[in-house]
Amino acid sequence: MRGDEVLENRLLERWWAVLPRHPLQQNDLHEADAELLPLPGDVGWLAVTTDTLAEEIALGFVADAETAGWLAAMQSLSDLAAVGAVPLGIVVAVTLPDGGETLQPALARGLAAACREAGTFVLGGDTNRGPALAITTTAVGLVDPARALRRVGCRPGDAVYATGRLGGGAVGAAAAAARAGALPELGGPGEPVPPFRPCARMAEGRMLAGLASACMDTSDSLVATLDQLARLNRVGFAVTARLDDIVEPGALALCRRLGMTPLVALAQLHGELELVFTVPPDRVPELERGAAARGFAPLRLGNVTAEEALVIDGRTVDGAAVRNLAHAAGGDLKAYVAGLVALVG
Ligand SMILES: [Mg+2]
């Protein structure tokens, strides 16, 4: 499994064909959810990451402006969680469409609520005008150099876990697909879809720092996460847990109603913000003790395998094909859903 089979990886690599890399940067391209850089003195490494919420808004996955503010903040904070960092704060750049001032209070409430939940603050930002709503958040934090988590380092035989149930983003994505005529109507007329407001796993990330052999968040779904980890580490993954035990209940019910396997919820592009992480077998007792002490129950997914393949619920999944679908379909949800069902449905 080569990294360049994935169109998104090729897109990112084209930047680095031109941009020089900082000589002290502690992660190579793709190797961590946040960029890691030593700071002077002994305060630790700077962890910094940026993310834009625009495609999800344009596709109709985000229920309302307050949820958009929440998601924008949480998705960058989640990348800090995935390297085990403690947040210092976020800066926010918002592009407001014409008349977008009416959205501003709700966006601000969502940003504030997410920061409160994660124990951090908005430090500042920038407000622009443009054709469509877009929110870019940059999160900065500090991490102990000896304990920083990266996407690389797992080995065959390591146990694979998630911090919580997966696939919850599928519900909002399916509602948008139904509005676009790509899926049958899911509820009664006007039946609202509850807003999807996942929490970044800040405390869990800090607990896993120094313990997990690799870690990445599931912002692009479980399949994309495992596929990327497999390519970076030249390993495979066998997810042997029952899908009923690892898929978020709302997404499970949705897949049943649509007559689809829950694997669709784990493969579609609107991910959640859980952490997927690996632990060497001899450190599993330490994980179990640490998690129990903090009241957190890691969800065992399966194992890292030597064979470079992604096997979920007994099926071999073509991770590159699943990930490339979103690029191939552009914003066409009908083409996307048809392609996804053909691959994993
Ligand atoms: Mg990430």
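User: How many helices and strands does the protein have?

Analyst: There are 13 helices and twelve strands. They are DSSP runs numbered from the N terminus: H or I with at least four residues for helices, E with at least two for strands. Keep in mind that this is a predicted model, where local features need pLDDT of at least 70, side-chain atom pairs count only at pLDDT 80 or more, and totals for chains, interfaces and linings use all residues. Residues are numbered from 1 along each chain as its sequence is written.

User: Why are α7 and α12 called oblique to each other?

Analyst: Helix α7 (residues 222-233) and helix α12 (residues 319-329) pack at about 125°, with axes 9 Å apart. Axes are lines fitted to C-alpha atoms, for helices over the stretch in contact, and angles run from 0 to 180 degrees between N-to-C directions. Under 35 degrees is roughly parallel, over 145 roughly antiparallel, 65 to 115 roughly perpendicular, and the rest oblique. The pair is therefore oblique.

User: Which residues of α7 and α12 meet?

Analyst: Val223, Ala224, Leu226, Asp227 and Ala230 in α7 meet Gly319, Ala320, Val322 and Arg323 in α12. Contact means C-beta atoms, placed from the backbone, within 7 Å.

Conventions: Contact = placed C-beta atoms within 7 Å.
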